[in-house]
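Please read it alongside the sequence and the coordinates.

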Amino acid sequence: MKNNGFNPVVQSIATEEDIRINRRAKVKSEIKQGIAHFVIILLMFFVFVPIYFLIIKSLKDPSQEVSSPFALTFPLCFENYSLAWLFVKDYILNTVIIAVCQTLGVLVVCSFASYAFVRYNFPLKNVFFIVILAFLMIPGTLTLIPQYGMVMNTFNLGNNYLGVILPSIAGAVPMGVFLLNTFFSGLPKDLFEAAELDGASKLYSYMFIAIPLSVPILSTLGIMQLLSAWNDLLWPRLILQEEALQTITIGLNPFTTWYYNDYLSLGVPFAGYVIVSLPLLIIFFFASKQFISGLTSGAFKM
Amino acid sequence: MTFKKRDLFGYLWLMPAFLLVCVFSLYPAICALLLSFTDGGTANAFNSLATNFSGFANFGKLFVDTVFWRSCLNLVIFIVTGLILGNTAAFALAELIHNLKSKRCSGIYRFIFILPMLVPSMVNMLIWTKIVFSPFESGLINTVLNQMFGLPKQGWYEQENLAMLSMILTGFPWVSGTSFLIYLAGLNNIPESVYEALELDGAGTFKRIFYVDIPLLQSQIKYFLMMGIIGGMQSFSMQLEFTKGGPNYATTVPGYYMYEKAFYSGEFGYAAAIGFFIFIVTLVLTIINNKFVKSTEEFA
């Protein structure tokens, strides 16, 4: 592969030596590829340890847990799943409402704000931007106590979905604005200018240019938000004291402790967690392409 | 500088985000700042300020609190090891996937490596504490060490000399999640011409990684450094779920110490002072990072 392209005569006379070197290079690169695949698969094996345990433990009854804790045991104990379903089913609707509202809220609020930062030039723009980003650095625990007092007493949102949803959206604004801002800045300006020359309003360009072009980063942000809403424990547990309003994560947490202390096994709780993760898995399966392309779009950099 | 009248509509777009942040983040943060100047037992900033104003006493106490300094030292260890291990692993995986010839395999690997994201954090915590690093003889690591080397069982998270090591090892091999994709994005952005030039020079893999890839990934490295420091400074979920900061404060960090002060002993003022200390240090580190770590220069 040395640069002999300039001299066609030399190139055409491929000596046996050249062929041998070529072949050796090919074998060498194939070995390299093989090693790469091997290392990747080895890593994958370790990464999948939690998923492996989650699934096999969810199929064990307490006695199988004692006899062989690390391997799949037969008969598979599907009873865990039916028991877990009875426990989990009342919480599903609550969780879905909270997670979906929170995710949509973050997407709308953050994309509005980022659109303002990228497409408008108003006084104190940079100050607003920096103030919003500075909130990334304020520890959540610090604001937890005053926030709790405010939500419960001033707004009277205890045992109300809004008491969970609104503060969570506010908490996600800094990161969301940061990501969308980077992405929106990368969209071609000419498109917006051309649309405006044609008389399109800013709202029109937002809905029909900015949003459709930003589907990848929006799905990245959306999925991250959905996961964190789904798994959030601390704040929802403080706000939603009434059991009929609680989310799956709040419900499964004390149940797991109780079950583990009684049976020294994680069978039913893990079956519950598998059921809980299934909707996420399905969404992820359909959105993963956009999710990955959002992550690899280059918005994650400084 | 002049502004067009229609530009003021920008405020309208900004309004929902700004209002939410003001109400649910800014106002509580101000309350917390006020609280840090009180030694009252109540969590209501304005009441405490009127009755229990104590000036800078909380901050003075902070500087002579040995537990607090121990927690700072622990934090430095956690952040430094976390940044090094996490970034090296993610970068290595990104390099491996980037250099695969088969596009199909690389697509499949990308998908598979982010799947563990879906495992709820509570499950991860249960798997590490109750199965992998379980303090009982039946724990995974205890079983392996016993059968291979005949070592006695260890308490891992519950043993003072091993607790920190166990926490650092938690999450091995530190690649699941999304960070490798972000490095991969950076690698994909490097123009083909750079690689062609390298090949002509006959540069090997190591030369390529250290002289080309890493310098060209400055923007991503800076992002991870920034987010690692911001997130690391305030994180305490592992302490909360794994060790309760113990044993004997071996794994406590300022974030957890603050949580403990606020929710277990009710010292809201002192907790708020710790929180502000964390915020100020984070801010300073972020500014330093922003000033001195370079971003990648754009290609022409």
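A residue counts as buried when its relative accessible area is under 20%, as exposed when that area is over 50%, and as partly exposed in between. The model discussed here is a predicted one. By that cut-off A:Ser111, at 1% relative accessibility, is buried. A:Ser111 is placed in helix 5 (residues 79-119) of chain A, and, leaving aside residues up to four places away in sequence, A:Ser111 touches A:Val106, A:Leu180, A:Phe184, A:Tyr206 and A:Ile211.

In chain B, B:Leu162 belongs to helix 8 (residues 160-169) and is also classed as buried, because its relative accessibility is 15%. With residues up to four places away in sequence again left out, B:Leu162 touches B:Gln154 and B:Trp156. The C-alpha atoms of B:Leu162 and B:Thr251 are 9.9 Å apart in space, while the two residues are 89 residues apart in sequence.

**The interface of chain A and chain B**

The contact draws on 85 residues of chain A and 93 residues of chain B. Between them the two chains bury about 8400 Å², of which 81% is on carbon and sulfur atoms. On the side of chain A that touches chain B, helix 2 (residues 16-47) of chain A gives the most, with twelve residues. That side of chain A is made up of 65 nonpolar, 16 polar and four charged residues. Across the interface there are zero salt bridges by the rule applied, whereas nine residue pairs are found in polar contact, with both residues at pLDDT 80 or more.

**Aromatic pairs**

Over all chains, a search of the whole structure finds 51 aromatic pairs. One of them is formed by A:Phe178 and B:Tyr223, whose ring centres are 6.2 Å apart and whose planes lie at 5°, so the pair is stacked. Because A:Phe178 lies in helix 8 (residues 161-185) of chain A and B:Tyr223 in helix 12 (residues 218-234) of chain B, this pair joins two chains. A:Phe178 is buried at 8% relative accessibility, and B:Tyr223 is buried at 6%.

A tilted pair is formed by B:Phe236 and B:Tyr256, with 6.5 Å from centre to centre and 50° between the planes. B:Phe236 lies in the loop between helix 12 and helix 13 (237-243) of chain B and B:Tyr256 in helix 14 (residues 254-263) of chain B, so the pair ties together parts that are 20 residues apart in sequence. B:Phe236 counts as buried at 10% relative accessibility, and B:Tyr256 is buried with a relative accessible area of 1%. In chain A, one aromatic cluster is formed by A:Phe87, A:Tyr91, A:Phe255, A:Trp258, A:Tyr259 and A:Tyr263.

**Backbone features**

A:Leu124 lies in the loop between helix 5 and helix 6 (125-134) of chain A and, at 56% relative accessibility, counts as exposed. A:Asn159 lies in the loop between helix 7 (140-154) and helix 8 of chain A and is partly exposed, with a relative accessible area of 31%.

In chain B, the peptide bond from B:Phe172 to B:Pro173 is cis, with omega near 0°, and B:Pro173 is placed in the loop between helix 8 and helix 9 (179-189) of that chain.

Methods: Residues numbered from 1 in each chain as written. Chains lettered and ligands numbered in written order. Predicted model: local features only at pLDDT ≥ 70, side-chain atom pairs only at ≥ 80, totals over all residues. Heavy atoms only, no water. Contact = heavy atoms within 4.5 Å. Buried area = accessible area lost by both parts, 1.4 Å probe. Salt bridge = Lys/Arg side-chain N within 4 Å of Asp/Glu carboxyl O. Polar contact = N/O pair within 3.5 Å; in protein donor to acceptor, adjacent residues only side chain to side chain. Helix = DSSP H or I, 4+ residues; strand = E, 2+ residues; numbered from the N terminus. Nonpolar A, V, L, I, M, F, W, Y, C, P; charged D, E, K, R; others polar. Buried < 20%, exposed > 50% of the residue type's maximum accessible area, 1.4 Å probe, protein only. Phe/Tyr/Trp six-rings, centres within 6.5 Å; stacked < 30°, edge-to-face > 60°.
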